[in-house]
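Please consult the sequence and coordinates alongside each answer.

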Amino acid sequence: MYHKQGPSLQSHNASAQNLGAQRVQDLGGGWSLYRTQPGQEAKAAQQLYQQGLGQYVQPEYLYQPTSLAVPPNNPSYLAEQAPLFQQMKIEQAWQKLRAGNARCPTPVIAVIDTGVYTQRSDLAPNLTPPDSWLDVVGKDLSNPRPIRGTVEPEPGTGASHGTQVASIIAATTNNGTALAGVGYNLLRVLPIKVFDANQQTGALQVAQALEYAAGATQIAGQLFVNPTPAQVVNLSLSISAPGFSDPYLEHVLEQVTQQGLVVVASSGNADLPAVGYPASSPFVIAVGATDASQARAHWLSGYASNYGEGLEFVAPGTGVPVAHGPNPGAYALAYGTSASAPFISGAIGLYLLQQQLLGQTPPSSPSARLAQVRACLTSAAQNSAAWDSQIGYGLVDVGKVVEPSNPPCFPRG
């Protein structure tokens with residue numbers, strides 16, 4: 001217990017000891033630390049005070065990190081989101097995490113996409129600072145005009161795609177806004193815009209965005225340094241052509257992986273027995289989509305989750321509530337593997353956060369980060385012992401991903 005000593009306390013240490021209080025340490029400012037027998041703290045404190053041996057006596061109060069409220073109080077969560085989040089045991093993961101630890105930097109997930117409506121108050125608090133935002137392309141892919149500090153989507157069909165993806169990860173949570181995010185305010189999204197007004201992008205723009213997410217890139221001779229580098233990248237984009245590969249983009253994917261970046265991409269929506277690119281790259285974690293029954297998702301004729309060799313995991317991709325448009329309170333339901341990838345990106349972000357909270361040492365080589373994350377996710381997956389062509393290793397139990405006693409995720413020694 002702590003003790004604010006009176007003027008004669010030092011001369012009465014023996015009296016205090018007779019009352020069962022052993023002085024341990026002078027804390028300065030008139031305060032001292034005393035030890036008592038377990039269970040006798042209140043009695044000893046009362047006697048010290050009553051006998052004039054101190055001006056104030058208190059126990060050593062025990063503080064704990066702030067727990068996350070589960071389920072969160074977002075109005076649409078229980079009815080619309082909880083059934084999807086529970087498929088991946090995301091609530092159980094939240095219960096194993098703690099908020100408000102200033103010692104741990106917040107993991108950053110780059111969303112390379114159509115841009116983000118950064119003015120939305122139900123998303124903005126969980127974005128990185130504006131000086132980190134980058135529009136790689138501008139309005140016209142044929143004449144790229146990179147802009148720092150703004151990632152406003154170009155008007156037209158698909159404009160909200162990046163906002164939708166970002167909201168799955170980083171919608172503000174437990175604050176009364178409609179939707180919760182997988183990251184529960186513990187992760188930040190770095191928005192990087194690569195699509196122009198025609199909703200087109202090229203290999204060069206995606207490569208530059210990847211380089212920027214990892215730290216820096218050159219665009220038309222100008223160096224862009226990222227003040228808030230990412231640890232995870234979400235690519236909800238795909239070329240669905242069996243056997244397709246992009247040698248230049250593959251080179252860049254290998255480079256950023258060696259720098260420690262973990263890249264996640266959607267498998268594609270063409271109902272093909274082949275994972276689209278870049279998800280099919282060995283340097284990318286490939287994610288397909290499930291329906292309400294947790295099977296491979298089929299939406300319309302010819303429109304279903306790609307599957308087959310290279311598919312690693314699946315996540316909800318059918319009727320996923322997402323932020324839509326520039327105005328807070330505007331929402332939609334998303335269908336497709338674009339909605340599935342950010343569930344896995346968010347799970348990886350929570351894993352990296354838990355590593356920090358537990359004081360886990362990261363791999364000695366940054367290039368080993370992807371293998372570590374893959375091993376962790378696989379250990380926590382529904383089909384960890386038996387890969388399946390339809391759903392890969394299956395849905396990931398995020399509760400196991402952040403479970404400190406899970407050796408593949410948190411090796412000891």
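Q: What percentage of the residues of the chain count as buried?
A: A residue is taken as buried under 20% relative accessible area. The chain of this predicted model has 413 residues, and the share of them that counts as buried is 52%.

Q: Which strands stand at the edges of the open sheet of 8 strands?
A: The pairing in this sheet is mixed, and its order is S9-S8-S10-S7-S13-S14-S15-S18. An edge strand has a single partner strand, so one side of it is left without a neighbour in the sheet. The two that stand at the edges are S9 (147-148) and S18 (313-316).

Q: Which residue stands opposite Leu 235 in S14?
A: Strand S13 (residues 232-235) and strand S14 (residues 262-266) run parallel and are joined by 4 bridges. Across this pair, the residue opposite Leu 235 is Ala 265.

Q: Which strands of the sheet does H8 touch?
A: Helix H8 packs on the sheet, with a direction that makes about 125° with that of S15 (284-290). The strands touched by H8 are S7, S13, S14, S15 and S18.

Q: Is H8 roughly parallel or roughly perpendicular to H9?
A: The axes of H8 (residues 337-357) and H9 (residues 369-379) come within 11 Å and cross at roughly 105°. Angles of 65 to 115 degrees count as roughly perpendicular. Therefore H8 is, relative to H9, roughly perpendicular.

Q: How many nonpolar residues has the contact of H8 with H9?
A: The contact includes Ile 344, Ile 348 and Leu 352 of H8, and Val 373, Cys 376 and Leu 377 of H9. By class, there are 2 polar residues and 1 charged residue, while the nonpolar residues number 7.

Key:
Residues numbered from 1 in each chain as written. Predicted model: local features only at pLDDT ≥ 70, side-chain atom pairs only at ≥ 80, totals over all residues. Heavy atoms only, no water. Axes fitted to C-alpha atoms, helices over the stretch in contact; angles between N-to-C directions. Parallel < 35°, antiparallel > 145°, perpendicular 65-115°, else oblique. Contact = heavy atoms within 4.5 Å. Nonpolar A, V, L, I, M, F, W, Y, C, P; charged D, E, K, R; others polar. Buried < 20%, exposed > 50% of the residue type's maximum accessible area, 1.4 Å probe, protein only. Pairing = 2+ DSSP bridges.
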